[in-house]
Amino acid sequence: MDEKPLTKRKKQAMETKNRIFETAMELFAKKGYKDIKIEDICRLAGVSVGAFYHYFPSKNDLLLEMYSRADVYFAEQVRERLKHLDFPHKITAFFAIYAQYNEKTGISMMKQLYHAENRLFIQKGRGMQETLAQIIADGQTAGEMVRDMPAEKITEYLFIAARGVTYDWCLHDGGYDLERAMRAYMGRLLKVFLQ
């Protein structure tokens with residue numbers, strides 16, 4: 001089924017929502033999540049506080065949007081980028097892209113996200129984790145990965161490790177190449193799960 005073109009009003013609404021979101025991400029990266037007020041975001045984005053609340057019921061909803069966009073990116077674009085790689089390289093490439101995404105998000109913002117109250121990391125049904133679980137399940141079906149553990153559990157193990165590498169990178173103020181470290185770490189860890 002063909003998608004209908006966006007009306008001028010819907011296009012403007014999407015642009016406004018994106019402007020609010022992008023402005024917030026820039027401010028969070030520079031000054032930290034806790035130190036930014038909704039009024040600061042609105043002033044810099046050139047929108048009213050009412051417009052902010054129309055798109056985001058709270059400041060926390062900006063973080064939900066950030067995770068949602070990451071999930072869509074991994075489910076759609078990353079899955080496609082990995083399609084032509086052989087099995088073990090799909091997983092290491094997946095986590096290299098994960099590291100690139102974190103680096104692009106910025107060390108300051110990543111430090112804001114890495115705390116024990118952030119339950120979004122472990123929320124079930126996220127597109128990022130489902131994308132990896134499907135890659136692993138395909139590897140299990142092809143006999144390239146162990147089958148004594150469900151794909152979802154292996155995904156969980158690998159993400160725990162990836163978050164640990166990212167957290168270490170944050171502790172070191174982004175002082176090393178996260179993508180290189182992630183590739184090395186995940187490459188070694190992956191050997192445990194390969195047939």
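Okay, quick definition before anything else: helices here are DSSP runs of H or I with at least four residues, strands are runs of E with at least two, and both are numbered from the N terminus. By that scheme, alanine 45 lies in helix H2, residues 38–45.

Some housekeeping. This is a predicted model, where local features need pLDDT of at least 70, side-chain atom pairs count only at pLDDT 80 or more, and totals for chains, interfaces and linings use all residues. Residues are numbered from 1 along each chain as its sequence is written, and side-chain values use heavy atoms, with hydrogens and water left out.

Back to alanine 45. At 6% relative accessibility it counts as buried; buried means under 20% relative accessible area, exposed over 50%, and partly exposed in between, with a 1.4 Å probe and protein chains only. Setting aside residues up to four places away in sequence, alanine 45 touches Arg19, Ile20 and Thr23, where contact means heavy atoms within 4.5 Å.

Which residues of H9 are buried? Leu178, Met182, Met186 and Leu190. Down the axis of H9, the buried residues fall within an arc of 80°, so they line one face of the helix; the arc is taken over directions from the helix axis to the C-beta atoms. On the face of H9 turned away from the buried side sit the exposed residues Arg180 and Arg188.

And the cover? Over the buried residues of H9 you'll find, among others, helix H5 (87–105) and helix H8 (151–171). Take threonine 166 in H8: at 0% relative accessibility, it counts as buried. Leaving out residues up to four places away in sequence, threonine 166 touches Tyr98, Asn102, Met110, Tyr114, Leu178 and Met182.

Last up, charges over rings, meaning NZ of Lys or CZ of Arg within 6 Å of the ring centre and within 35 degrees of the ring normal. Lysine 59 lies over the face of tyrosine 33, 4.3 Å from the ring centre, and arginine 69 over that of phenylalanine 21, at 4.0 Å.
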